[in-house]
Amino acid sequence: MTNRAIICLSCGYEGEIEVPGGHSDTSPSLIFRHRGHNPFSGHMHYQCPACEIVILVDPMTVLGDDMISALP
């Protein structure tokens, strides 16, 4: 499984989301680490490697083909 492109709307940093169980040769400095999810809203939580803010990602956007834009 390949990683998906993501951009942090807080700082503008672009990278890829971490895919659990996936193997990638992407530099660790580009990986937005998965930090869990909210069971009530369904949002997935990823941490930006540049500004270290935790951003919320709608899980349906992960299934699409477009770049993921995430809000803090």
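## Nonpolar core

A nonpolar core is a set of buried Ala, Val, Leu, Ile, Met, Phe, Trp, Tyr and Cys residues joined through side-chain atoms within 4.5 Å, where buried means under 20% relative accessible area, exposed means over 50%, and partly exposed lies in between (1.4 Å probe, protein chains only). The structure is a predicted model, in which local features need pLDDT of at least 70 and side-chain atom pairs count only at pLDDT 80 or more, while totals for chains, interfaces and linings use all residues. Residues are numbered from 1 along each chain as its sequence is written, and side-chain values use heavy atoms, with hydrogens and water left out.

The largest nonpolar core has eleven residues, namely I6, C8, I17, F32, M44, Y46, C48, I55, V57, V62 and I68. At least two residues of this core come from each of β1 (5-8), β4 (44-47) and β5 (54-57), the strands and helices being DSSP runs numbered from the N terminus (strands: E, at least two residues; helices: H or I, at least four).

## Strand pairing

Two strands are taken to pair if DSSP finds at least two bridges between them. β1 pairs with strand β2 (residues 14-17) in the antiparallel sense over three bridges, and I6 stands opposite G15 in β2. These two strands form a hairpin with five residues between them, in whose turn G12 has a positive phi of about 85°. β2 in turn pairs with β3 in the parallel sense over two bridges, with F32 in β3 as the bridge partner of I17.

Strand β3 (residues 31-37) is joined to β4 by three bridges in the antiparallel sense, and Q47 in β4 is the bridge partner of R33. The hairpin of β3 and β4 has six residues between the strands, and G42 in its turn takes a positive phi of about 90°. β4 and β5 also run antiparallel, joined by four bridges, with Y46 standing opposite I55 in β5. Their hairpin has six residues between the strands, and E52 has a positive phi near 65°.

R4 lies in the segment before β1 and is buried, with a relative accessible area of 15%. Not counting residues up to four places away in sequence, R4 is in contact (heavy atoms within 4.5 Å) with G15, E16, I17, T61, V62, L63, G64, D65, D66, M67 and I68. The side chain of R4 reaches the backbone oxygen of T61 at 3.4 Å.

T61 belongs to helix α1 (residues 59-63) and is partly exposed, with a relative accessible area of 37%. Leaving aside neighbours within four places in sequence, T61 touches R4 and I68. A polar atom of the T61 side chain also lies 2.6 Å from the backbone oxygen of D58.

## Cysteines

The structure holds zero disulfides, a disulfide being a pair of cysteine sulfur atoms within 2.5 Å. C11 is in no disulfide, and the nearest cysteine sulfur, that of C48, is 3.7 Å away. For C51, likewise in no disulfide, the nearest cysteine sulfur is that of C11, at 3.7 Å. C11 is partly exposed, with a relative accessible area of 39%, and C51 also counts as partly exposed, at 33% relative accessibility. C48, by contrast, is listed among the residues of the largest nonpolar core.

Conventions
Polar contact = N/O pair within 3.5 Å; in protein donor to acceptor, adjacent residues only side chain to side chain.
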